[in-house]
Amino acid sequence: MTEPAMAETVLLDHDVEEPNVFTQDMLGWEGWLPPLEEGDLTERHWEALVQKRRSKMPYFMLLARDPDILEYRTRTDMDIFHNPDSGLPRAERELAAAATSRLNGCIYCASVHARFAAQYSKRFDEVQRLLDEGVGARIDPRWDAIIDASVALSETPSRFGPEHVAALRATGMDDPAIADAINAIAFFNWANRLMLSLGLATKGNTA
Amino acid sequence: MMTGSDDAIDALAGLPADSGLRALRPEARAYAQKSYEALFLRPARDMMPLDERLAIACFVAGLHQDAPAIEHYGALLLDSPAASLSAAIAAAASAGATTGPYGAFPPGPLSVEDMSGPHYAADAAALGPRLAAAFKHAHLLVFHPRDAGRTAIEDLVAAGWSSTEIVTLSQLISFLTFQIRTAGGLRLLAATK
């Protein structure tokens, strides 16, 4: 074991206001467990953070307690969302992330990825309808197919079926685009659970 | 799972190594595999023990009712010092079976969307207190993550989980919810013409 658990594990208290609606506003996040401090970081930790500015963010500094999985997860995330080589347009990868977060109930993740979806699609109002009305919101055939796929694949057990693939294909998505949607939805099942369980969303911008 | 690929998601999805479905996102594929290896094959020294990792993976696969994942992690467990827990884990997964996501939002306008569901408690006599606490946490994260909060972390600490181990445990459970969905989605995509 890395540390005597009972002796050293102290949970943090946060006297903060937790957001209770889905929003495109900037939110913060605070962990229940102590993040590493910059002075604790080895070369390996800095490498695992991938971006130096993440040492200012409590979420990444808490995840840095296990640097290997932090680094590998971050590099998976970046390729799924930022790789511009064909596949699904960035706006719709972000839409899938926002819809998944809306279903699972991660107000923090939904805020970040709704903002990206709105920014890349220029459809702020439609994205806001997803946040306000939930995953039953109807936008247009293509966005509806992406939202429906996000719901079906995020449920446990998964309900993702041939009808969802057919609905995505009917909107003009090819296999690489559908694979991108699958990656984005699956990845946000990972991200939502970390954000929801290791800490809480806050009003204000501290994540 | 004889697909000719050493990649875990390819294997779970039944994809051949030369499948084009993941070719455009090579880093996502490579680093998902590195996560898998760091979590389940070659964990760093002095971190959460491997036998606990495999036991929890089998439980999470069981909660997803995903046959390839149940088989894959079941085989790893049988090859580990925790092999004798196999039947107890399968029983725990059956007892925990439900559908998600459910749970409560922070009180306010979203409360009308709150959905109740089971709050699972594992059999500490069969599993030991540390693993029983981890299974309870895994059930929470898999099915009703929006019910997670400070109390759930307190319960893990009380069962002997350190801060760093709680980070690894949370990553492990959450990674599996990603891996099982990625593989399941790609398996279906490859099969749907």
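A residue is called buried here if 20 or more other C-beta atoms lie within 10 Å of its own, exposed if 12 or fewer, and partly exposed in between, with C-beta atoms placed from the backbone. By that rule, 53% of the 207 residues of chain A count as buried.

This is a predicted model, where local features need pLDDT of at least 70 and side-chain atom pairs count only at pLDDT 80 or more, while totals for chains, interfaces and linings use all residues. Residues are numbered from 1 along each chain as its sequence is written, and chains are lettered from A and ligands numbered from 1 in the order in which they are written.

Chain A to begin with. Its C-alpha atoms fill a box of roughly 55 × 35 × 35 Å along the principal axes.

Chain A has ten helices and two strands. Both kinds of element are DSSP runs numbered from the N terminus: helices are H or I with at least four residues, strands are E with at least two. The order in chain A is α-β-α-α-α-α-α-α-α-α-α-β.

Now the strands. Strand 1 (residues 27-31) of chain A runs antiparallel to strand 2 (residues 199-203) of chain A, and five bridges join them; pairing requires at least two DSSP bridges. A:L27 has A:K203 as its bridge partner. In a regular strand, side chains alternate between the two faces of the sheet. In strand 1 of chain A, A:L27, A:W29 and A:G31 point one way, A:G28 and A:E30 the other. Five of the five residues are buried, so strand 1 of chain A is largely enclosed by the rest of the structure.

Last, helix 8 (residues 150-158) of chain B. B:I153, B:L156 and B:V157 are buried there. They lie on the same side of helix 8 of chain B because they cover an arc of only 100° around the axis, using directions from the helix axis to the C-beta atoms. After helix 8 of chain B comes B:G160, with a positive phi near 100°.
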